[in-house]
Amino acid sequence: MSRILYLKIEQCIQVPNKSVKIGNTSMNYAEFGNGEKSLIMIPGLGDGLRTDNKLAHMYALLYGKFAKDYKVYVLSQKVDMPDRYSTRKMALDIKDAMDNLGIEQADVIGVSLGGMIAQHLAADYPKLVSKLVLVVTSARKNQYIQAAISGWIEMAKRGDYRRLMVDNLKKMYTKEYLEKNKWMMSVAGKIGKPKSYARFINMANASLHHNAYEKLDKIQAKTLVIGGALDRVVGAKASKELAELIPNAKLKIYEQYGHALYDEAKDFNQTVLEFLNE
């Protein structure tokens with residue numbers, strides 16, 4: 001199910017709005033599930049277009065499969081974010097949120113920008129992370145990230161929401177998927193327009209300057225890296241590099257999918273859940 005489709009049925013989802021204090025501001029999150037273990041989910045750059053936790057609601061809908069085994073926390077980034085913020089500082093925010101929520105250790109899933117943050121979290125605070133899943137993400141900037149993110153930043157600075165959303169869809173989804181779901185392109189940019197792009201731009205710049213390359217060998221958590229061979233946002237080589245640098249990491253490449261493989265691959269949730277339950 002796509003993120004845009006989620007917006008059409010969002011009113012049917014009953015996940016309480018919650019927030020946790022982080023310094024002088026707060027972090028929105030969603031919490032669901034009845035399992036004994038804790039699972040932290042860190043979303044990607046789309047979170048930057050919202051200061052509420054609607055994106056977290058989407059995760060609650062899409063990943064309800066984890067609710068049986070886990071108490072799931074989908075953590076947004078903090079509401080008030082200063083300029084020139086880094087993925088490492090965002091990881092510290094996640095650590096502070098876990099402390100304030102009483103989570104001593106958790107399995108962690110990071111998607112795209114969320115995966116960049118998760119790398120720092122697992123390397124800097126190894127006792128907090130039991131198992132780690134890094135999805136369509138990278139250890140550092142490459143030509144794909146430079147091209148995609150820089151373009152989105154310029155569109156956001158111009159306030160061109162329609163073009164930003166259309167370009168996002170084209171880079172994230174396969175042509176076959178968009179052909180089968182033509183309505184996605186027709187509604188792109190017509191719903192969910194943010195009041196301000198400042199938070200999105202800050203998070204996008206953090207993606208551009210992310211670099212955890214030299215510290216990946218410090219990750220102690222058992223790790224699964226998932227990438228898409230057709231990824232036009234971070235590139236397939238980024239996933240392979242992560243798997244090579246993280247000790248004993250497993251790698252799964254979806255040959256037929258790109259950056260939005262978590263939407264397109266029907267076995268994605270099951271693949272992740274099987275790894276977490278090993």
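## The β1–β2 hairpin

Strands β1 and β2 make a hairpin with 2 residues between them, and Gly-23 in the turn has a positive phi of about 60°. Keep in mind throughout that this is a predicted model.

The two strands, β1 (residues 18–22) and β2 (residues 25–32), run antiparallel and are joined by 5 bridges.

Most residues other than glycine have a negative phi. Against that background, two residues are worth a click. Arg-84 is not a glycine, yet its phi is positive, about 55°. Ser-112 isn't a glycine either, and its phi is also positive, at about 55°.

Where do Arg-84 and Ser-112 sit? Arg-84 belongs to the loop between β4 (70–78) and α3 (87–101), while Ser-112 is in the loop that links β5 (106–111) to α4 (113–124).

And are they buried or exposed? Arg-84 has a relative accessible area of 82%, so it is exposed; the cut-off for that label is over 50%. Ser-112 comes in at 14% relative accessibility and therefore counts as buried, given that buried means under 20%.

## Helix α5 against helix α9

Now for some helix packing. Helix α5 (residues 143–158) packs with helix α9 (residues 198–208) at an angle of about 160°, and their axes are 10 Å apart. That angle makes α5 roughly antiparallel to α9, because anything over 145 degrees falls in that class. As for handedness, the crossing of α5 and α9 is left-handed.

Which residues do the meeting? From α5 there are Ile-145, Gln-146, Ile-149, Ser-150, Trp-152, Ile-153, Ala-156 and Lys-157, and from α9 there are Phe-200, Ile-201, Ala-204, Asn-205, Ser-207 and Leu-208. Sorted by type, the residues of this α5–α9 contact come to 9 nonpolar, 4 polar and 1 charged.

## A closer look at Ser-207

One of the α9 residues in that contact is Ser-207. How accessible is Ser-207? Its relative accessible area is 3%, so Ser-207 is buried.

What does Ser-207 touch, once neighbours within four places in sequence are set aside? Its contacts are Leu-113, Met-116 and Ile-145. Ile-145 is one of the α5 residues that meet α9.

Definitions and conventions. Residues are numbered from 1 along each chain as its sequence is written. This is a predicted model: local features need pLDDT of at least 70, side-chain atom pairs count only at pLDDT 80 or more; totals for chains, interfaces and linings use all residues. Side-chain values use heavy atoms; hydrogens and water are left out. Helices (H or I, at least four residues) and strands (E, at least two) are DSSP runs, numbered from the N terminus. Buried means under 20% relative accessible area, exposed over 50%, partly exposed in between (1.4 Å probe, protein chains only). Two strands pair if DSSP finds at least two bridges between them. Axes are lines fitted to C-alpha atoms, for helices over the stretch in contact, and angles run from 0 to 180 degrees between N-to-C directions. Angles under 35 degrees count as roughly parallel, over 145 as roughly antiparallel, 65 to 115 as roughly perpendicular and the rest as oblique. A crossing is left-handed if the near helix is turned anticlockwise from the far one by less than a right angle, and right-handed if clockwise. Contact means heavy atoms within 4.5 Å. Ala, Val, Leu, Ile, Met, Phe, Trp, Tyr, Cys and Pro count as nonpolar, Asp, Glu, Lys and Arg as charged, and the others, Gly among them, as polar.
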